[in-house]
Amino acid sequence: MRSPRSLVGGTPVAAHEITFDGRDLPALPGQSIAAVLWGAGILAWRTTREGGAPRGAFCGIGSCFDCLVTVNGRPNQRACLVPARPGDTVTTQEGTGRADLAV
């Protein structure tokens, strides 16, 4: 049986790890942070400013801002666009992610 991998001749590459809220997650080179989180069964990684409602990926192409996370201390990073790099520390973003921007 032919698989997509056999058609393109791809071979698996070594995984690396990122940390999400203190939990080590495997990531493959080229994966976005959103893809890593989805792969681990994590569907929400942000809360809204008003009411603290959970959010995750919505559009998946960087048009909306539902997938914001804090990456290595930098808030407001779109998880669908940011590649997961070895050793990244990703945390759930609450509201704006920055106390000086809170309303």
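Okay, let's start with the surface: the chain exposes about 6,500 Å² of accessible surface, and 55% of that belongs to carbon and sulfur atoms. Those areas come from the Shrake-Rupley method with a 1.4 Å probe, and for residues only the protein chains shown count as cover.

Before I go on, this is a predicted model, where local features need pLDDT of at least 70, side-chain atom pairs count only at pLDDT 80 or more, and totals for chains, interfaces and linings use all residues. Residues are numbered from 1 along each chain as its sequence is written, and side-chain values use heavy atoms, with hydrogens and water left out.

So what's in the chain? We've got 2 helices and 7 strands, running α-β-β-α-β-β-β-β-β from the N terminus. Here helices (H or I, at least four residues) and strands (E, at least two) are DSSP runs, numbered from the N terminus. The C-alpha trace spans about 55 × 25 × 20 Å along its principal axes.

Now, the inside. Out of 103 residues, 33% count as buried, meaning under 20% relative accessible area with a 1.4 Å probe, protein chains only. In soluble globular proteins, nonpolar side chains tend to be buried together. In this chain the largest nonpolar core has 18 residues, and Ile33 and Trp45 touch the most other members. A nonpolar core, by the way, is a set of buried Ala, Val, Leu, Ile, Met, Phe, Trp, Tyr and Cys residues joined through side-chain atoms within 4.5 Å. Two or more residues each come from β1 (16-20), β2 (23-27), α2 (33-39) and β5 (68-71). And α2 gives the most, with 4 residues.

Let's zoom in on two residues. First up, isoleucine 42, in the loop between α2 and β3 (46-47). Is isoleucine 42 buried or exposed? It counts as buried, because its relative accessibility is 11%. Leaving out residues up to four places away in sequence, isoleucine 42 touches Phe20, Arg23, Leu25 and Leu37, where a contact means heavy atoms within 4.5 Å. Compare glycine 10: isoleucine 42 is 32 residues from it in sequence and 27 Å away in space, C-alpha to C-alpha.

Next, glutamine 93, which sits in strand β7 (residues 89-94). Why does glutamine 93 count as buried? Because its relative accessibility is 0%. With the neighbours up to four places away in sequence set aside, glutamine 93 touches Trp45, Arg46, Thr47, Leu68, Val69, Thr70, Pro75 and Asn76.

Methods. Buried means under 20% relative accessible area, exposed over 50%, partly exposed in between (1.4 Å probe, protein chains only).
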